[in-house]
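Please look over the chain shown here before reading on.

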Amino acid sequence: MHDIRVGTEDVFKRQIELASRNFALFKEHGVRAFNVMGAIGSGKTLLILRLAERLKEKGLRVGAIAGDVAGDDDYQKFVAAGLVAANLNTGDDCHLDAHRVGHALESFPLGDVDVLFIENVGNLVCPADFPLGTEGDLVVISVTEGDDMVRKHPKMFAQTDVLAVNKVDLASFVGVDPMVLVDDYRRLNPHGAIALTDARSGRGVDELLTALGL
């Protein structure tokens, strides 16, 4: 874990306090919120859109916060899909944190959504240290990243609730066996749920919803 201190204040203790405040806010509004993490190009945005399609079919209202270092490309995709959305740029920071999310929630219409996906900045290192106050953490990896991603980022995978191994339809083309990723995850996190997905075709999205308890 990062060891950053400002004066005598433990930054991470403060982040946990702020995450607890966010969690209470979600509960107050009856919103089920999920932190969606993964590397750039893993397919987080499209997977959120596919999940939102299924949830809308169930009559649920879906929102998304797009976290990125810069730009609003993912935010625009959420808006175009009809999601209640907000854009959250971090500048030089490689992750969202509870403080930033808390400020975003000040103007976000939580009363208009039942499920909220918070798409974190794309990497598998920094977001692991910063809880946002969501009820669940989902990490997305693509088979195109290689079969060693879980072993290379143990902290991220050890503490998340659900793993989505995405783009499995490309596995044979890149010479990756998705079950290697699954087996590594099960050894590291035996309590985590797993779904094999391909966001472009929609494969595995229903299984991922079940894994998230939605």
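Pro 190 is exposed, because its relative accessible area of 60% is over the 50% cut-off. In this predicted model, Pro 190 sits in the loop that links helix 8 to strand 9 (193-196).

**The annotated domain**

- A UniProt annotation, from an unreviewed entry, reads "domain: CobW/HypB/UreG nucleotide-binding" and covers residues 34-191.
- Helix makes up 35% of the chain over residues 34-191, and strand makes up 22%.
- The end C-alpha atoms of residues 34-191 are 17 Å apart.

**Asn 35, a buried strand residue**

- Asn 35 is part of strand 3, which spans residues 32-38.
- Its relative accessible area is 2%, so Asn 35 falls under the 20% cut-off and counts as buried.
- With neighbours within four places in sequence left aside, the contacts of Asn 35 include Ile 118, Asn 120 and Leu 132.
- Also in contact with Asn 35 are Thr 134, Gly 136, Asp 137 and Leu 138.

**Partly exposed loop residues**

- Asp 112 belongs to the loop between helix 4 (98-107) and strand 6 (115-119).
- The relative accessibility of Asp 112 is 44%, which lies between the 20% and 50% cut-offs, so Asp 112 counts as partly exposed.
- Arg 61 and Val 84 are in contact with Asp 112, once its neighbours within four places in sequence are left aside.
- From Asp 112 to Asn 166 the C-alpha distance is 29 Å, and the two residues are 54 apart in sequence.
- Lys 167 is placed in the loop between strand 8 (162-166) and helix 7 (171-174).
- Lys 167 has a relative accessible area of 24% and is partly exposed.
- The phi of Lys 167 is positive, at about 60°, although Lys 167 is not a glycine.
- For context, most residues other than glycine have a negative phi.
- Asp 177 is in the loop between helix 7 and helix 8 (178-188).
- With a relative accessible area of 40%, Asp 177 is partly exposed.
- Asp 177 and Leu 88 are 89 residues apart along the chain, and their C-alpha atoms are separated by 35 Å.

**Toward the end of the chain**

- Gly 213 is located in the segment that follows helix 9 (205-212).
- Gly 213 counts as partly exposed, at 43% relative accessibility.
- Gly 213 and Arg 32 are 181 residues apart in sequence, while their C-alpha atoms are 10.0 Å apart in space.

**The chain as a whole**

- The chain has nine helices and nine strands.
- Its radius of gyration is 17 Å, close to the 17 Å that the globule rule gives for 214 residues, so the chain is as compact as a globular protein of that length.
- Along the principal axes, the C-alpha atoms fill a box of roughly 50 × 40 × 30 Å.
- Buried residues account for 51% of the 214 residues in the chain.
- Of the contacts between residues at least 6 apart in sequence, 73% join residues at least 24 apart.
- The accessible surface of the chain is about 9800 Å², and carbon and sulfur atoms contribute 51% of that surface.
- The chain carries 22 positive and 32 negative charges, and the mean positions of the two sets are 2 Å apart.

Note on methods. Residues are numbered from 1 along each chain as its sequence is written. This is a predicted model: local features need pLDDT of at least 70, side-chain atom pairs count only at pLDDT 80 or more; totals for chains, interfaces and linings use all residues. Side-chain values use heavy atoms; hydrogens and water are left out. UniProt positions are given in the numbering used here, feature names are shortened, and annotations may be inferred rather than shown by experiment. Helices (H or I, at least four residues) and strands (E, at least two) are DSSP runs, numbered from the N terminus. Buried means under 20% relative accessible area, exposed over 50%, partly exposed in between (1.4 Å probe, protein chains only). Contact means heavy atoms within 4.5 Å. The radius of gyration is taken over C-alpha atoms; the globule rule is 2.2 Å times the number of residues to the power 0.38. Accessible areas come from the Shrake-Rupley method with a 1.4 Å probe; for residues, only the protein chains shown count as cover. Lys and Arg count as positive and Asp and Glu as negative; His and the chain ends are not counted. The place of a charge is taken as NZ of Lys, CZ of Arg, CG of Asp or CD of Glu.
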